[in-house]
Amino acid sequence: REFVVAAEAQQVEARAAGADAVLLSTPEDIDDLCLQGVSTLGLTAGASTPEWVLDRVVEKIERRSLEL
């Protein structure tokens, strides 16, 4: 299963390619996602997204992957 965390335009492309896609409003939104069975996870962000937000999302994803 492929999963993409992306802006709206990239979500459309990801879904067209058969992947699940979602837009996060905050890094904490990752806690509500079901990542069970995900083999590939993509992450995109806009130029205005602060680096600390991306770091926090990556940290949460890494922590979750250790739990799966």
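Which residues does Phe-3 touch, not counting residues up to four places away in sequence? Select Phe-3 and you will find that it touches Asp-20, Val-22, Leu-33, Leu-35, Val-38, Thr-40, Leu-41 and Gly-42, where contact means heavy atoms within 4.5 Å.

Before going further, note that this is a predicted model, in which local features need pLDDT of at least 70 and side-chain atom pairs count only at pLDDT 80 or more, while totals for chains, interfaces and linings use all residues. Residues are numbered from 1 along each chain as its sequence is written, and side-chain values use heavy atoms, with hydrogens and water left out.

**The whole chain**

Now zoom out and colour the protein chain by secondary structure, which shows 2 helices and 3 strands; helices (H or I, at least four residues) and strands (E, at least two) are DSSP runs, numbered from the N terminus. Followed from the N terminus on, the elements run β-α-β-β-α. The radius of gyration of the protein chain is 12 Å, close to the 11 Å that the globule rule gives for 68 residues, so the chain is as compact as a globular protein of that length. Here the radius of gyration is taken over C-alpha atoms, and the globule rule is 2.2 Å times the number of residues to the power 0.38.

Of the 68 residues of the chain, 28% count as buried. Buried means under 20% relative accessible area, exposed means over 50%, and partly exposed lies in between (1.4 Å probe, protein chains only). Among contacts between residues at least 6 apart in sequence, 57% join residues at least 24 apart.

**The nonpolar cores**

Next, select Phe-3 together with Val-5, Val-22, Leu-24, Ile-30, Leu-33, Leu-35, Val-57 and Ile-61, the 9 residues that make up the largest nonpolar core. A nonpolar core is a set of buried Ala, Val, Leu, Ile, Met, Phe, Trp, Tyr and Cys residues joined through side-chain atoms within 4.5 Å. The elements that give two or more residues to this core are strand E1 (2-5) and helix H2. A second, separate core has 5 residues, including Val-4, Ala-14, Ala-19 and Ala-21.

Is Arg-64 buried or exposed? Arg-64 counts as buried because its relative accessibility is 15%. Leaving aside neighbours within four places in sequence, Arg-64 is in contact with Ile-30, Asp-31, Leu-33, Cys-34 and Leu-35.

Move to helix H1 and select Gln-11, which lies in this helix. Gln-11 is buried, with a relative accessible area of 8%, and, again leaving aside neighbours within four places in sequence, Gln-11 is in contact with Ala-6, Ala-21, Val-22 and Leu-23. Gln-10 is also found in helix H1, but at 34% relative accessibility Gln-10 counts as partly exposed.

**Residues in the loops**

Select Ala-17 in the loop between helix H1 (8-16) and strand E2 (20-22), where Ala-17 is exposed, with a relative accessible area of 64%. A distance drawn from Asp-29 to Ser-48, C-alpha to C-alpha, is 19 Å, and the two are 19 residues apart in sequence.

**The largest pocket**

End at the largest pocket, which holds about 220 Å³ of space. On a 1 Å grid over the protein atoms alone, a pocket is an open set of points where a 1.4 Å probe fits, with protein on both sides within 12 Å along at least five of seven lines, and lining residues have an atom within 4 Å of a point. Grid points are joined across faces, edges and corners, and a volume is the space filled by probe spheres set on the points. Of the 16 residues that line this pocket, select the closest to its centre: Leu-23, Leu-24, Thr-44, Ala-45 and Thr-49. Helix H2 (residues 51-67) gives the most to the lining, with 3 residues.
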